Amino acid sequence: MSSIEIRKVKTRQERKTFVEFHYELYEGNEYDAPGLFRDELENFDEKKNPAYEFCEAECYLAYKDGRLAGRIAAIINHKANEQWQRKCVRFGWIDLIDDVEVMKALLQAVEDYGRQRGMKEVIGPMGFTDMDPEGMLTYGFDQLGTMATIYNYPYYPQLMEKLHWEKDIDYVEYKLFVPDEMPEKFSSVAQLVEKRYNLHVRKLTRREVLFKGLGLKVFHIINHSFSQLYQYSELSDKQIMHYLWRFVPYINMDLITVVEDWNTPDHRMVGVGITIPSLTRALQKCRRGRLLPFGWWHLLRVLKFYKTNIVDCLLIGVDPEYRRKGANAFMFYDLIPRYQKYGFIWGETHVEMESNEKVQGQWQYIERELHKRRRVYKKLIETDLHELKA
């Protein structure tokens, strides 16, 4: 019989092995969007990832007959557990060969980790927070992945089914086709909300975002608008600044739109749309996630010269009070002409809760295609009989 060994990641070299395994497993895959090696490594560095302020985590490697066969992370987000009144340990960053025993051993390591810390269930795949990729791909394996979501082989959910894991929640993703002309509905809604509610679009500068406090305001809107979404935990100001400094210096501010309410004394920010050119093809050309020797050039071609025809709608957040007033449509009334200018053909919505009809309804005036589904699984943690006897 084959021998499967689970080893806890303890050293920096083992953490590198943990990160490298994804590149090895998906080398040459035309749909996967591999992350940058440095960023992936920093995810599990307590000194560099501010999520460790309220999270704890361990990483594990699986070896079959002495050869590396899989990886997984066990994460406890104490803030989310408190908010949602669930004692959950999350599994994330799961990758493995097509082997049900390897999958079983990896998930058992997470379950054991959670049991030792008083957790009652395992959910995943999920990251530290909603800013990390979550949800195992269950449909759309022939669709291009994004830097903000998980791509996995079709056998992953098949193995989960064999192990009898249950659905906790399903997500959907849409492909949105950029119209040649502005949809009439967006035009009429934009004129209405501007006149009736005194809402206005604002474009931000990097300086305002990084040094004038507007970046914090943007993510405070995200926190507020996402607060009722599945397992969401509010981002701290330290986390927000971490993400701002990681990404804002490189993105086109023209593709970020803010909606303000001019009826308020301080022109309160009530909505934000953060979109970027798709980096997937560029990331695939960064050998094993490295910027050197030529990875930086492929990313630069997209970020500065728009050598892609896809736009990623990373974060769309609107104060619930203003969704009914048409702030979402007003936002895309500003963004669609910019997509046309840069030659984008279609956009990616990223994950939306399958049951969230209000969010999906905002795309009703645009030609769209449901092209991906993904699932977060759950399993109750089995009680350790030795603990009961003790």
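In what sense do strand β3 (residues 67-77) and β4 pair, and over how many bridges? The two strands pair in the antiparallel sense, over 5 bridges, where two strands count as paired if DSSP finds at least two bridges between them. The model is a predicted one, in which local features need pLDDT of at least 70 and side-chain atom pairs count only at pLDDT 80 or more, while totals for chains, interfaces and linings use all residues. Residues are numbered from 1 along each chain as its sequence is written, and side-chain values use heavy atoms, with hydrogens and water left out.

Helices (H or I, at least four residues) and strands (E, at least two) are DSSP runs, numbered from the N terminus. Strand β4 is mostly covered, with 9 of its 9 residues buried; buried means under 20% relative accessible area, exposed over 50%, and partly exposed in between, for a 1.4 Å probe and protein chains only.

Strand β11 (residues 310-318) is likewise described as mostly covered, with 8 of its 9 residues buried. Strand β10 (residues 268-277) pairs with β11 in the antiparallel sense over 7 bridges, and Val272 finds its bridge partner in Gly317 of β11. Strand β12 (residues 346-348) runs parallel to β11, to which it is joined by 3 bridges, and Trp346 in β12 is the bridge partner of Ile310.

Arg268 lies in strand β10 and, because its relative accessible area is 31%, is partly exposed. Arg268 touches Val259, Glu260, Asp261, Asp319, Glu321 and Tyr322, residues up to four places away in sequence not being counted; contact means heavy atoms within 4.5 Å. From C-alpha to C-alpha, Arg268 and Leu199 are 9.7 Å apart in space, although 69 residues apart in sequence.

Turning to the helices, the axes of α6 (residues 184-196) and α13 (residues 327-341) come within 8 Å and cross at roughly 120°, so that α6 is oblique to α13. Axes are lines fitted to C-alpha atoms, for helices over the stretch in contact, and angles run from 0 to 180 degrees between N-to-C directions; those under 35 degrees count as roughly parallel, over 145 as roughly antiparallel, 65 to 115 as roughly perpendicular and the rest as oblique. On the α6 side, Phe186, Ser187, Val189, Ala190, Val193 and Glu194 meet Ala329, Phe330, Phe332, Tyr333 and Ile336 in α13.

The axes of helix α4 (residues 100-116) and helix α5 (residues 155-162) come within 10 Å and cross at roughly 70°, and these two helices are therefore roughly perpendicular to each other. Their contact is made by Val100, Met103 and Leu107 of α4 together with Tyr156, Leu159, Met160 and Lys162 of α5.

Helix α9 (residues 237-247) has Gln239, Ile240, His242, Tyr243, Leu244 and Arg246 as its buried residues, and these pack against α2 (37-42), α7 (206-211) and α8 (214-226). Gln239 counts as buried because its relative accessibility is 1%, and, leaving aside residues up to four places away in sequence, Gln239 touches Pro50, Ala51, Phe54, Thr129 and Glu234.
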